[in-house]
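I opened my notebook to record what I looked up in this structure. The entries follow in the order I made them.

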Amino acid sequence: MTKHIQLWKNGPESLRMGIGTWAWGDNMVWGYNQKNYTDEDLELAFDASIKAGITMFDTAEVYGSGKSENILGGFIKKVKHPLIIASKFMPYPWRLGKNSVMNAAKNSLKRLGLENMDLYQIHWPFPPRPIEHWVEQMAGVYQAGLIKGIGVSNFSIEQTRRAHTVLQKYDIPLAVNQIEYSLVNRKPEKNGLLQVCKELDVKVIAYSPLGQGLLTGKYTPDNPPPGFRGRRTNRKQLDALIAFNKLQTKIGENHGGKTPSQVAVNWTIQKDTFPIPGVKNLRQTEENLGALGWDLTQDEVAELDFEGQKII
Ligand SMILES: NC(=O)c1ccc[n+]([C@@H]2O[C@H](COP(=O)([O-])OP(=O)(O)OC[C@H]3O[C@@H](n4cnc5c(N)ncnc54)[C@H](OP(=O)(O)O)[C@@H]3O)[C@@H](O)[C@H]2O)c1
């Protein structure tokens, strides 16, 4: 069992998991400031992560319209050792100037209270401008020293190859492709994206590794996920999850009583990806940290793979 990994080519070392901060300041999807969690909860979650040796935190300029970066920026001031901070640029169609990425990066850094950040990712491969347009600008921001690594997110095989090709010109590695990957979203292994990232030496960051809560065991047909998340699932999937969550618990028992969440996150680690589960409070953080320090066996991974076909 390896405790630390090199996060990406020529990149920093990290424990095998980071923390996602979409919910830190986001009202619309996650219900920030609607009584279910507060800044105090988030600070406790942050402190517990640091205490456990977590160094990587993922945010984006769009999370809570900058609030996530602000909140994270406030917390990281307290930490004296180096952290790995990742943010993302949104290629909005109205971003026309040739300094769009540079300006957005500077604004993110201001909110984070940093002079530079470890990883800057293109959040989505949105049209109308081609990927190359944004990757070229990213290279400029890298060369100016504002970012230490360039990543993409939600890029297909073809888009990943194109981004990789542009950066080769500058001798800059494409550090990561951040994609949705979990036991309820297996597309990246089925369509070959995981394999291509491996061939290109691009680390896969697995977002929504808990299936936005579905793999925690707490959402059932009688208690579906709220709001926007509820619309991403259906009764049939929630029915199938009852048996699957039981299997997660059974497998967790082989490892001293690991919970369904811990099994789900550990599964993404066994697939050689770097998970960034989102957390809203101390309890969730402490539980998710228990995904580290042990390994599912190959037989257990195979059983989850096989039974997992029924929940996607
Ligand atoms: N690049 C992209 O386009 C993209 C897209 C999505 C996410 N991301 C990144 O990936 C991170 C993680 O993804 P995600 O937040 O969408 O989904 P996730 O990690 O699969 O699920 C996180 C949510 O599950 C619930 N939860 C977490 N731990 C739990 C536990 N131990 N027990 C019970 N419930 C628990 C919490 O919500 P409730 O308590 O409300 O259920 C939490 O907000 C994000 O924060 C973000 O940094 C990136």
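How many nonpolar, polar and charged residues does the shell around the ligand have? I found 9 nonpolar, 15 polar and 4 charged residues there. Nonpolar here means Ala, Val, Leu, Ile, Met, Phe, Trp, Tyr, Cys and Pro; Asp, Glu, Lys and Arg are charged, and the others, Gly among them, are polar.

I noted that this is a predicted model, in which local features need pLDDT of at least 70 and side-chain atom pairs count only at pLDDT 80 or more, while totals for chains, interfaces and linings use all residues. Residues are numbered from 1 along each chain as its sequence is written.

I then looked up which of the 28 residues around the ligand come nearest: Gly-20, Trp-22, Tyr-207, Leu-210 and Gly-278. A residue is near a molecule if its C-beta atom, placed from the backbone, lies within 6 Å of it. Helix α11 (residues 282–289) gives the most to this shell, with 3 residues. Helices are DSSP runs of H or I with at least four residues, strands are runs of E with at least two, and both are numbered from the N terminus.

Next I turned to the sheet. I read 8 strands in an open sheet, ordered β3-β4-β5-β6-β7-β8-β9-β10, with parallel pairing. Two strands pair if DSSP finds at least two bridges between them. β3 (19–20) and β10 (274–275) are at the edges with a single partner strand each, so one side of each has no neighbour in the sheet. Strands β7 (residues 150–153) and β8 (residues 174–180) run parallel and are joined by 4 bridges. Ser-153 stands opposite Gln-178 in β8.
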